[in-house]
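Good morning, and thank you for joining this meeting.

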Amino acid sequence: MDYKFYYSNNCGQDDYGLKYIDDEGYGYKCNKFKVQFPPQHQDVQPGMEYLMYPRPIFDNPKYQGSNKLKDKVAIITGGDSGIGRAVAISYVKEGASVVIVYLNEERDARETEQYINSLGGTCLLLEGDVKDKRFCEHIVNETMKKFGKIDILVNNAGVQYQQKSLLDISDEQFDYTMKTNIYSIFYLTKSALKYMEPGASIINVSSITTFYGEPELIDYVTSKGAIIGFTRALSTNLADKNIRVNAVAPGFFWTALQPACWEAEKIPTLGADSPMKRAGQTYEIAPLFVYLASDDSSYVTGQTMHINGGQYKG
């Protein structure tokens, strides 16, 4: 075959997306997708939602709560923005009070608080670093002081840093990533567990990257894989106490963590590899967290839920 003469401008299903074959016999495929987000980058972790363009869609106005979480109390780390914000709002719509834990994203946290107030909900904002054991104890103490109980714990806070090679990951970055992403879950869950009664729910946020092995997020993937192991072991340990423990492994969602991690040129491609050829909006994943927190999932524990537009089928 004369490779140099094969070239297609069509990129449709009739040619299987084959763009061209070069003179060395390497083929190149098209991947047509609609760009949702322009190139952008933030030099801060875990990112600021108010700086993003376009802003994420965190609430579905058509979503009507039905008291699935009436009078429940939920702690949500990273609840100021991104998936955490969407979850907090959906919980409030279902009748829960929420404790929103955030690092230093004051403006995002206040926006979330105002939105919750507009819904007639109740929330408590707590600023601090979840990799600090003493702060995790403070979260629990303040929650018990204000609400008197803990029914739901959502371990959502995390950081991720793009690095091209393992050799580029410093000891300091690895330590910071692991302590933020997995130590925090250990500290906070251990502290909260003393006050959690039968019927309570713990939801840990992992990532699709754990399952396909993202090569430029080695330390992040390591930490998110640890979360899966923690979830499975703890779920078995707590089953006889009727405390459920599950994980959610999101695909690419439009959150502040994306521009805070990736180089600007990658942002337009987020989600393009999924069958749906787009990234998710955070309101699209929030109902899953409602399900896992509510009695609807009373027989579900130790599971990992995949929400990723079909990119990974677990």
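A crossing of two helices is called left-handed if the near helix is turned anticlockwise from the far one by less than a right angle, and right-handed if it is turned clockwise. Please keep in mind that this is a predicted model.

I begin with helices H1 and H2. H1 covers residues 82–93 and H2 covers residues 106–118; their axes come within 10 Å and cross at roughly 20°. Angles under 35 degrees count as roughly parallel, and H1 and H2 are therefore roughly parallel to each other. On the H1 side, the contact is made by Arg-85, Ala-88, Ile-89 and Val-92, and these meet Asp-108, Glu-111, Thr-112, Tyr-115 and Ile-116 in H2. By class, this contact has 5 nonpolar, 1 polar and 3 charged residues.

The next pair is H4, residues 171–193, and H6, residues 218–238, whose axes lie 9 Å apart at an angle of about 20°. That angle makes H4 roughly parallel to H6. Their crossing is right-handed. Among the H4 residues in this contact are Phe-174, Met-178, Ile-182 and Phe-186, while those of H6 include Tyr-220, Ile-227, Phe-230 and Leu-234. The contact of H4 with H6 divides into 12 nonpolar, 6 polar and 2 charged residues.

How many cavities of 30 Å³ or more does the count give? The count comes to 2.

The largest cavity has a volume of about 580 Å³. Its lining comprises 39 residues, and those nearest its centre are Asn-156, Ala-157, Gly-158, Thr-255 and Leu-257. Both helix pairs return here in part: H1, H4 and H6 each supply at least two residues of this lining, as do strand S4 (97–102) and helix H7 (257–261). The largest share, 3 residues, comes from H1. By class, the lining has 19 nonpolar, 16 polar and 4 charged residues.

The second largest cavity holds about 40 Å³ of space. Its lining consists of Thr-77, Val-130, Asn-155, Asn-156, Ala-157, Ser-184, Ile-185 and Leu-188. H4 gives the most to this lining, with 3 residues. The lining has 4 nonpolar, 4 polar and no charged residues.

Of its 13 lining residues, the closest to its centre are Phe-253, Ala-279, Gly-280, Asn-308 and Gly-309. This lining has 5 nonpolar, 6 polar and 2 charged residues.

How values were computed: Residues are numbered from 1 along each chain as its sequence is written. This is a predicted model: local features need pLDDT of at least 70, side-chain atom pairs count only at pLDDT 80 or more; totals for chains, interfaces and linings use all residues. Side-chain values use heavy atoms; hydrogens and water are left out. Axes are lines fitted to C-alpha atoms, for helices over the stretch in contact, and angles run from 0 to 180 degrees between N-to-C directions. Helices (H or I, at least four residues) and strands (E, at least two) are DSSP runs, numbered from the N terminus. Angles under 35 degrees count as roughly parallel, over 145 as roughly antiparallel, 65 to 115 as roughly perpendicular and the rest as oblique. Contact means heavy atoms within 4.5 Å. Ala, Val, Leu, Ile, Met, Phe, Trp, Tyr, Cys and Pro count as nonpolar, Asp, Glu, Lys and Arg as charged, and the others, Gly among them, as polar. On a 1 Å grid over the protein atoms alone, a cavity is a set of points where a 1.4 Å probe fits but cannot get out, and a pocket is an open set with protein on both sides within 12 Å along at least five of seven lines; lining residues have an atom within 4 Å of a point. Grid points are joined across faces, edges and corners, and a volume is the space filled by probe spheres set on the points.
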